[in-house]
Amino acid sequence: MDKIFQEEFTQITKFEPPLYKQRYQFVKDLVEKYKPKKVADLGCADCSLLWMLKFCSCIEVLAGLDICASIMKEKMHTLSPLPVDYLQPSERSLTVTLHHGSVAHKDPCMLGFDLVTCIELIEHLEESELKKFPEVVFGFMAPRIVVVSTPNSEFNTLLPGVKLYRHPDHKFEWSQAQFQSWALETARCYDYSVEFTGVGHPPTGMEKIGFCTQIGVFVRKYPQTSESVQSEKPTEAVYKTVFKAVYPSLKDEKYLQNAVIREVIFTAQIIKHRLMSKREEYSDDPERKSKSQPSMGRFSDYLEKLVVEKNMEPFVSGNEVYIPLATIFSFPKVNRLCGTFEKLCKLIDGKVTLSSDGSAVMFNIEHENEEN
C-alpha cells in the first residue's frame with residue numbers, strides 16, 4: 001500500500017531498486033520457492049503486486065482484497081487478459097478476482113489459499129481491526145504461508161521529513177521488538193512458525209536499526225483438516241466482488257481445440273510446401289529424377305528420420321496432397337498439445353479436411369495451381 005508516498009521519504013537513502021519493488025520481489029521469490037497455486041493479496045490497493053504475480057506460471061488463482069474499491073477499480077483493467085492471451089492460450093488456468101471488504105471480516109471466498117500476502121497493511125488497521133486480523137487470517141483463512149510486512153519505526157530517524165509516521169493513514173508503526181512480539185504470539189496461538197527478515201538495508205555500521213521494511217514469514221506447522229475448515233465457514237458472503245477475469249487456457253477444450261487445429265494446419269502446410277518444392281526440383285532435373293524418388297525426408301533431419309523409420313511419407317495423388325496424421329502427431333508441439341493420437345483425431349474431427357479413411361490431412365492443389 002501507499003508505495004508512492006513512502007518512496008518520497010525513502011528515496012534519500014537511494015534504495016535501488018525502490019523499496020516497494022524490493023517488497024514485491026521478495027514475494028515473487030517466495031512464490032518461486034514454494035510454488036503456491038492459490039495466492040491472495042490483502043490490501044492489494046492498485047493491484048501492482050497481483051499484476052506481477054499473474055506471470056508466475058505456478059499460480060492458478062489470484063485474489064485481491066481492499067477496503068477501498070475506487071483504488072482497485074482504477075487499475076483493475078491491468079489484470080484483464082490481452083489479445084495475445086487468446087491467440088496463444090497458456091497451458092495453465094488462471095482466474096483473477098478482486099473483492100471489496102475488510103480484513104477484519106470473514107468470507108468463504110478467501111478459504112483454500114496456499115499463500116496470503118499482507119504487504120504494508122497492518123499499520124493501516126484500527127485497533128479493533130488489528131485485534132480481529134490474526135483470527136481472520138491465521139485462524140479462519142489458515143493458508144500454508146502468510147507474509148506480513150510493515151514499517152520498522154527504528155529506521156524512521158534515517159528518513160528526513162518523517163516526524164511521527166511515514167504515512168498520514170498509519171495508525172501505528174512498530175519497532176523490531178514490537179513486531180516480533182506480536183508475530184511470535186500470533187504464530188504460537190495459531191500453530192505457525194515465523195521467520196523474520198526484511199528489505200531496505202540500513203547504512204553500514206547501523207545494522208542494529210534493522211531493515212527499513214520488516215517482514216515476517218509465517219508457515220503453518222500442521223495441515224489444516226477439512227473438519228476445521230467446515231466448522232469455521234460462515235454461511236454468508238460479506239465481500240463484494242468488483243472484478244473477475246478468467247484467462248483462456250489450454251485446459252479448456254475449446255481453446256485447446258483451436259490451438260491444435262492451428263498447429264496441425266500450420267505443420268501440414270509446411271510439409272506440403274517442402275514436398276511440392278522437392279517435386280519441382282525433380283521435374284526440372286530429369287537425370288536426378290531417374291536416380292531418386294522425391295522424398296519429403298530431405299527437408300529436415302527430423303522428418304527424414306521419421307520417414308525412414310516409420311514409413312510415414314507424405315505423397316501426391318493427382319491434384320491432392322496427403323500428409324499422414326501420424327507424421328503430424330510426431331512433431332513435438334502437436335504431440336505435447338494432444339498427448340495421444342486418439343485425442344488429436346477427436347479434436348480435429350470435422351474441422352480439418354481429411355482423406356476418406358481419416359488417416360491424413362488432405363489439400364487440393366488444383367486451385368493453387370490455377371492461381372499461380
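**Exercise 1. Which residue in β8 is the bridge partner of His 100?**

Before starting, note that this is a predicted model, in which local features need pLDDT of at least 70 and side-chain atom pairs count only at pLDDT 80 or more, while totals for chains, interfaces and linings use all residues. Residues are numbered from 1 along each chain as its sequence is written, and side-chain values use heavy atoms, with hydrogens and water left out.

*Solution.* Step one is to recall that strands are DSSP runs of E with at least two residues and helices are runs of H or I with at least four, both numbered from the N terminus, and that two strands pair if DSSP finds at least two bridges between them. Step two is to look at β3 and β8, which pair in the antiparallel sense over six bridges. Step three gives the partner: in β8, Lys 240 is the residue bridged to His 100. On the other pairing of β3, strand β2 (residues 61–66) runs parallel to β3 and is joined to it by six bridges, with Val 61 standing opposite Thr 95 in β3.

**Exercise 2. Describe the largest nonpolar core and the element that gives the most to it.**

*Solution.* A nonpolar core is a set of buried Ala, Val, Leu, Ile, Met, Phe, Trp, Tyr and Cys residues joined through side-chain atoms within 4.5 Å. The largest one has 41 residues, and the members that touch the most others are Val 31, Leu 53, Ile 59, Leu 98, Val 147 and Phe 243. Among the elements that give two or more residues to this core are α2 (19–34), β3 (95–100) and β8 (240–246), and α2 gives the most, with seven residues. Apart from this core lies another, of 32 residues, including Leu 65 and Phe 138. To see one member in detail, take contact to mean heavy atoms within 4.5 Å; leaving aside residues up to four places away in sequence, Leu 98 touches, among others, Cys 44, Met 72, Lys 240 and Phe 243.

**Exercise 3. Classify the aromatic pair of Tyr 86 and Tyr 255, and say how buried each ring's residue is.**

*Solution.* Rings of Phe, Tyr and Trp (its six-membered ring) pair if their centres lie within 6.5 Å, and planes under 30 degrees apart count as stacked, over 60 as edge-to-face and the rest as tilted. The count by this rule is 16 aromatic pairs. Tyr 86 and Tyr 255 lie 6.4 Å centre to centre with 50° between the planes, a tilted pair. The pair links helix α5 (residues 83–87) with helix α9 (residues 253–284), its two residues being 169 residues apart. Tyr 86 is partly exposed at 40% relative accessible area, whereas Tyr 255 is buried at 17%.

Terms used:
Buried means under 20% relative accessible area, exposed over 50%, partly exposed in between (1.4 Å probe, protein chains only).
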